Amino acid sequence: MGIIDNLEKMLASGRDSALLRYSLGVEYHKKGDLDSSAMHLSSAVEQDAAYSAAWKAYGKVLAEAGRGEDAAQAWQTGIEVAERNGDIQAAKEMKVFLRRIQKSQ
C-alpha cells in the first residue's frame, strides 16, 4: 500500500486536518494529479489559513494547472501569511514565483 492510500485511509477514518490535506496535496502533485492536489491543498488552507507552506504549494499546483490568476492570488495571500508568521524564506520564494507568473500573463 502506498503513501496516498495510507493518507486517504486516515482521511476516510475522520482524521481530517490541514496537515493531512497538505500531505495528500503534495503526494498527488508528485504523481502529476494536479486536480486532486489542488483540491487537497485548497482544503488545507481553508482549514488553516495561516499555513504558509500550504499556500506556497497550492500556488505552485495552480500555476502548473494553467490557472495563473488563481496561483497569483494564492501566492499573494501566502506572502501575507508568511510575513505575519515570520516565515521570511517562504515569503521570499512566493514573491519570486508571483513575479514570474505576473510577467508571463
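How much space lies in the largest pocket? About 160 Å³. Keep in mind that this is a predicted model.

Helix H2 (18–31), helix H3 (34–47) and helix H4 (52–64) each give two or more residues to the lining.

Now turn to the charged side chains. Side chains of opposite charge can pair when their charged atoms come close. How many salt bridges are there in this model? The count comes to five. Three of them are worth a visit, one by one.

Take Arg-21 and Asp-16. Their side chains meet in a salt bridge, with 2.9 Å from N to O. Is Arg-21 buried or exposed? Arg-21 has a relative accessibility of 14%, so Arg-21 counts as buried. The cut-off for buried is under 20%. Asp-16 has a relative accessible area of 35%, so Asp-16 is partly exposed.

Which residue forms a salt bridge with Lys-56? The partner is Glu-93, and the closest N and O atoms are 2.4 Å apart. This pair links distant parts of the chain. Glu-93 sits in helix H6 (residues 88–104), while Lys-56 sits in helix H4, and 37 residues separate them. Glu-93 has 24% relative accessibility, so Glu-93 counts as partly exposed. Lys-56 has 25%, so Lys-56 counts as partly exposed too.

Stay with helix H6 for the last stop. Lys-95 forms a salt bridge with Glu-83, and their closest N and O atoms are 2.8 Å apart. What does this pair tie together? Lys-95 lies in helix H6 and Glu-83 lies in helix H5 (residues 68–85), so the pair ties together parts that are 12 residues apart in sequence. Lys-95 counts as partly exposed because its relative accessibility is 33%. Glu-83 is also partly exposed, with a relative accessible area of 41%.

Definitions and conventions
Residues are numbered from 1 along each chain as its sequence is written. This is a predicted model: local features need pLDDT of at least 70, side-chain atom pairs count only at pLDDT 80 or more; totals for chains, interfaces and linings use all residues. Side-chain values use heavy atoms; hydrogens and water are left out. On a 1 Å grid over the protein atoms alone, a cavity is a set of points where a 1.4 Å probe fits but cannot get out, and a pocket is an open set with protein on both sides within 12 Å along at least five of seven lines; lining residues have an atom within 4 Å of a point. Grid points are joined across faces, edges and corners, and a volume is the space filled by probe spheres set on the points. Helices (H or I, at least four residues) and strands (E, at least two) are DSSP runs, numbered from the N terminus. A salt bridge is a side-chain nitrogen of Lys or Arg within 4 Å of a carboxyl oxygen of Asp or Glu. Buried means under 20% relative accessible area, exposed over 50%, partly exposed in between (1.4 Å probe, protein chains only).
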